[in-house]
Amino acid sequence: MKKHTWLILVSVWLLTLISVNQYFFCPQYQFKAPQPFSGTNVYNPYEGVDFSGWKKCNFHTHVKAWMGFTKGTSTSNAARKLYESLGYDVYCISNYQQVDRNNSDEPNYLEAYEHGYGILKNHQTVLGTPAVNWKDYLLPQSLVNKQHILAILRKIDSVVVIINHPSNMNSFPPGDFTFLSGYDGIEIFPSGSLAAFDSALSVGRPVFCAANDDSHDMNDSKFVGRNCTWLGASSVSKRDIMEALKSGRSYAMVVAYKEGESFEEKIGRIKKGLPSLRAVTVQNDSLKVTVSDSAAIQFIGQGGKVVAIKEKCTSASYPIRPGDTYVRTRIFFYDGNEIDLNPVFRYDGRIPENAIPPIDKQKTFLFNLAGIAILLAVSICSAIIFIRKRRRLRNS
């Protein structure tokens, strides 16, 4: 038998095995019907929070790893030194499928890695675990594939799982967030998706936003130090950082970029101070947001609809109407900086869970049977081709 025939048969078999494993042997889930936030109370993640001493954080940055096979241009120590000079209190190195353990004895060290190696970049930042989970799906992922990975990552309750860059290669379209659950946050900058964030909030998912650099080149002053997540944590310890992330005491920020600005110039500008959040209160069903500098303040509700805008102000209020299930706030400062807040949302006194949906055992069984049938059919066809080729060789 010619070598190319063997190669074709083996390739078809391997592709079939990978495909069946991903699309037929993956658990099937009973996704819940969309159910927006509801209740007579309004949950405010910033209630009673002291806005002094907030921690500037970046949870998603890459350095050289895996012998240079993955994209990264610096060492972890150089990256940490640079982020420290840019005023970051917590700066995680999140290499692909690898927990960076440099500086693990520092009080602000937090374990992090970027999970995922599929062809469409279905990635998640996993915080707080020293162990890497290697399970993933290589081919374009179906909704149940994505849910299965989230379920696997969520097996450790103490970790924080943030879905990365959902608009990158359309890895997580906004419609996915109508059904997906079992994660803590969505990376809205860079390559993020505010549409994805609103899609999750519109179906009552109590998830929060994050902004990270996702930088691969520490020499690029345009992107390094461009995004950050501010946390209302009493210290930089792992316990306090994780607790703030899970409770939503955070906001995302995009730092203005000045064309042609060097790192030294950026560091000097940041040291002079960035605009900040001063207060977020809900009283008598009225949301009031106060910031340090003059800005345009937007209030956004169900379905991502802008429900109110106030220009040139340091404080703005929005009366939460009975039909408002959630309200989130975007703040555009006139110097180019931007702040995005987590939502306030309706609830009945008990915050809804973002739990993993149950597995549909009957549907999973049927998919497994179909997968076995496909593998058998391909095996039989391969065997027939092999036998016929052998007979032709004997008769020739």
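**Close-up views of a predicted model**

**View 1. Lys361 in helix α7.** Lys361 lies in helix α7, which spans residues 361-395. Helices (H or I, at least four residues) and strands (E, at least two) are DSSP runs, numbered from the N terminus. This is a predicted model, in which local features need pLDDT of at least 70 and side-chain atom pairs count only at pLDDT 80 or more, while totals for chains, interfaces and linings use all residues. Residues are numbered from 1 along each chain as its sequence is written, and side-chain values use heavy atoms, with hydrogens and water left out. Lys361 has a relative accessible area of 70% and is therefore exposed. Exposed means over 50% relative accessible area, buried under 20%, and partly exposed in between (1.4 Å probe, protein chains only). Lys361 and Tyr29 are 332 residues apart in sequence, yet their C-alpha atoms are 8.3 Å apart in space.

**View 2. Strand β15 and its two partners.** Two strands pair if DSSP finds at least two bridges between them. Strand β10 (residues 250-254) runs antiparallel to β15 and is joined to it by 4 bridges; here Tyr251 stands opposite Leu341. Strand β14 (residues 326-333) is also antiparallel to β15, with 3 bridges, and Ile331 has Ile339 as its bridge partner. β14 and β15 form a hairpin with 4 residues between them, and Gly336 in the turn has a positive phi of about 100°.

**View 3. The two faces of β15.** In a regular strand the side chains alternate between the two faces of the sheet. Strand β15 covers residues 338-341, with Glu338 and Asp340 on one side and Ile339 and Leu341 on the other, all of them buried.

View 4. A salt bridge is a side-chain nitrogen of Lys or Arg within 4 Å of a carboxyl oxygen of Asp or Glu. Asp340 forms one with Arg330, the closest N and O atoms being 3.0 Å apart. This pair links distant parts of the chain, 10 residues apart: Asp340 is in strand β15 and Arg330 in strand β14. Both Asp340 and Arg330 are buried. A network of salt bridges links Asp198, Arg328, Arg330, Glu338 and Asp340.

**View 5. Two further salt bridges.** Lys246 forms a salt bridge with Asp184, with 3.5 Å between the closest N and O atoms. The pair links distant parts of the chain, 62 residues apart: Lys246 is in helix α5 (residues 238-247), and Asp184 is in the loop between β6 (160-163) and β7 (185-189). Lys246 is partly exposed at 34% relative accessible area, whereas Asp184 is buried at 15%. Arg249 and Glu243 also meet in a salt bridge (2.7 Å, N to O).
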